[in-house]
Amino acid sequence: MLSLHTARTRARANADRPARIGLAVAGGGPIGGMYELGALRALDEAFEGLDLTRLDSYVGVSSGAFLAAGLANRIDTAQMCRIFITGDSDDVQFRPETFLRPAIFEYLRRAASLPRLATQWWRELLFSPREARWSDLVTRFGGLVPNGLFDNAQVEHFLREVFTRRGRSNDFRDLAAPLYVVAVDLDNGAVVRFGGEGWDDVPISKAVQASAALPGLYPPVEVRGRHFVDGALRRTMNASAVLDRGIDLMIGINPLVPFNQGGVAAVEHERSLAAGGLPAVLSQTFRTLLQSRMQVGLARYSQQYPDIDQLVFEPNAEDGELFFTNAFSFSARQRICEIAYRNTLADLRRRADTLRPLLAAHGIRLRDEILADEQRSILDGITPPSRDTETTARLKRALDDVDQLVARRRRR
């Protein structure tokens, strides 16, 4: 589903100045991240004149922060597909278990306080029975429950390894374009943009770890003595981070929408979502809250930034496979990427007549040969890895920078 806001007037009056394009990627757990990767791959192939690794600015929230940080570090969508889908990357070895390691030390630390709490409780029962209430059990023993099921320290380690090789950087200040990673301060509920003023010295890997620390799944991440959790708690997409930079075109991706089971001809699951139990109810509630908040934000953005073209891609609300896939599972990542890839190409195909003049204003052309192939798969355009060494990868990166510099000077 494509939401489109056409600029009232466009600031880019002459074609000599390249269009400034910003990317905003929302959160959505592992499955949401895979949907976003599929959508980005479709845009990468279908848009001629758009290089997703050389945009004006990026903002990512939660799982979207992984992708935004990768693109800002010049890891293109084909490379990401080799890392997360085909597994034949010559650079990064992705292992899903790295992201789902139980937080053993957190469990042990919490369990160590059990004897002390139990002793205090029984002392109150024996000597002050009127003051000891069974309703206090949840409050008193709630501290035994871990902050998160899984250890996200390995997430930060994985990203740090990726961003410190082959000429990439783990420092916001070294990137060619601004990158913002959004998280929420647990102690006061404030939104923090890592990469922004006052927060650009935090390593990118640590910022992404904090932005993706979904409460209950991962523990809060400590930065400068403060604890941060998933940025999606306050902002679904946080597109204002790039819109405020005076861009000409904003591309946004939101992978979570509420499921609309009405009108679906055949569904393998129960007709009522309530029959799916608590997980289905919580998933639908969470998705509804996120999308509702994002729709309010988009309506505000169209008023606040009337001269910026805005494209936001989302899944189809009737897609039951997306809804009923475990949002925290990596096993379905190729299938989810494929669904997103085909959905995005279908959206572009349906709205092609409207999109052509809008995109042309920013130096972008739709590739008709890509859109015409309705059976095209996400794997069709992914070539085998080049098997570069660290030295050759750095050399290619430097030569690419020279090519871009020469091209800019020729345009001038």
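1. Start with the Asp91–Arg165 pair: aspartate 91 makes a salt bridge to arginine 165, with the closest N and O atoms 3.0 Å apart. (A salt bridge here is a side-chain nitrogen of Lys or Arg within 4 Å of a carboxyl oxygen of Asp or Glu.) Aspartate 91 sits in the loop between helix H3 (77–86) and helix H4 (104–111), and arginine 165 in the loop between helix H7 (153–163) and strand E5 (179–185), so this pair ties together parts 74 residues apart in sequence. Helices (H or I, at least four residues) and strands (E, at least two) are DSSP runs, numbered from the N terminus.

2. A word on provenance: this is a predicted model, where local features need pLDDT of at least 70 and side-chain atom pairs count only at pLDDT 80 or more, while totals for chains, interfaces and linings use all residues. Numbering runs from 1 along each chain as its sequence is written, and side-chain values use heavy atoms, with hydrogens and water left out.

3. How exposed are the partners? Aspartate 91 counts as buried at 14% relative accessibility, whereas arginine 165 is partly exposed at 23%. The cut-offs: buried is under 20% relative accessible area, exposed is over 50%, and partly exposed is in between (1.4 Å probe, protein chains only).

4. Arginine 165 also bridges to glutamate 161, with closest N and O atoms 3.9 Å apart; glutamate 161 is partly exposed at 38% relative accessibility. Both belong to a salt-bridge network that links Asp90, Asp91, Glu161, Arg165, Arg166 and Arg168. Over the whole structure, the search turns up 19 salt bridges, one of them joining aspartate 171 to arginine 173 at 3.0 Å between the closest N and O atoms.

5. On to the nonpolar core (buried Ala, Val, Leu, Ile, Met, Phe, Trp, Tyr and Cys residues joined through side-chain atoms within 4.5 Å). The largest has 86 residues, and Phe47, Tyr58, Leu179, Phe194, Ile251 and Leu348 touch the most other members. Helix H1 (residues 29–46) gives the most to this core, nine residues. A second, separate core of 20 residues includes Ala26, Leu243, Met250 and Tyr305.

6. Which residues does isoleucine 251 touch? Leaving out residues up to four places away in sequence, its contacts (heavy atoms within 4.5 Å) include Leu23, Leu43, Phe47, Leu311 and Phe313.

7. Disulfides (cysteine sulfur pairs within 2.5 Å) come to zero. For cysteine 81, the nearest cysteine sulfur is that of cysteine 337, 5.8 Å away, which is too far for a bond. Cysteine 81 is buried at 0% relative accessibility, and cysteine 337 is buried with a relative accessible area of 0%.
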